[in-house]
Amino acid sequence: SVLWHGFIADITGHKLIEAELQEFATTDFLTQLRNRRSFMLQLETELARVQRTAGHCATLLMFALGPFKDINARWGHSVGDQARRHFAAILSEQLRKTDAAGRMGGEEFAVLLSDTDIAQAIRFGERIRSELASSPLLHAGEQIYLAVSVGLTALNASDPTPEAALSRSDIALYRAKRSSRDRIECHSDATL
């Protein structure tokens with residue numbers, strides 16, 4: 001009986017370690033969102049769903065948080081990290097269980113919205129922009145206002161890879177950043 005109990009405890013310990021390792025492998029340490037690799041796997045799964053299920057739609061949004069050069073120059077990189085965590089928390093509050101968010105690198109984030117068309121994705125992006133504008137980061141008694149540029153696209157059944165959709169959302173994101181920042185740009189087949 002004692003041997004059996006020890007065996008169960010040993011397996012439980014291994015399972016806990018296994019779960020922690022899985023979390024480390026899929027989670028961005030700074031923001032606790034998915035890391036790039038984990039996000040891309042989710043995007044691949046969602047694209048496969050769009051390709052095999054008629055009428056299933058999904059959208060991909062890329063977010064660039066800023067103004068990072070100003071934040072890092074004035075307050076330092078640790079405040080830049082606080083800004084990334086602040087934005088990640090705002091994103092997480094707006095997500096449904098079927099959605100996914102990840103930090104793609106630096107101050108760029110991605111969100112995958114399942115069962116969502118372009119109009120719904122634009123509304124989601126506007127909610128994030130609005131929430132960010134009304135929730136400044138507080139640091140040493142100062143309010144630091146952040147802005148976000150957004151590029152979005154629909155996942156298409158004709159996309160050969162997840163990277164095809166990612167490329168379109170990147171193009172829209174850079175158009176938003178060039179235009180005036182703090183805006184949403186949509187990439188559709190008509191804008192190729």
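Buried here means under 20% relative accessible area, exposed means over 50%, and partly exposed sits in between (1.4 Å probe, protein chains only). This is a predicted model, where local features need pLDDT of at least 70 and side-chain atom pairs count only at pLDDT 80 or more, while totals for chains, interfaces and linings use all residues. Residues are numbered from 1 along each chain as its sequence is written, and side-chain values use heavy atoms, leaving out hydrogens and water.

**View 1. Phe87 meets Phe109 edge-to-face.** Rings of Phe, Tyr and Trp (its six-membered ring) pair if their centres lie within 6.5 Å; planes under 30 degrees apart are stacked, over 60 edge-to-face, and the rest tilted. That rule gives two aromatic pairs. For Phe87 and Phe109, the ring centres are 5.0 Å apart and the planes sit at 65 degrees. Phe109 is buried, at 0% relative accessible area, and Phe87 is buried at 0% too. Together with Phe63, they make up one aromatic cluster.

**View 2. Glu108 reaches Lys177 through a salt bridge.** A salt bridge needs a side-chain nitrogen of Lys or Arg within 4 Å of a carboxyl oxygen of Asp or Glu; the structure has 12. Here the closest N and O atoms are 3.8 Å apart. Glu108 counts as buried at 17% relative accessibility, whereas Lys177 is partly exposed at 22%.

**View 3. Asp182 bridges to Arg129.** Their closest N and O atoms are 3.2 Å apart. Arg129 is buried at 18% relative accessible area, but Asp182 is partly exposed at 34%.
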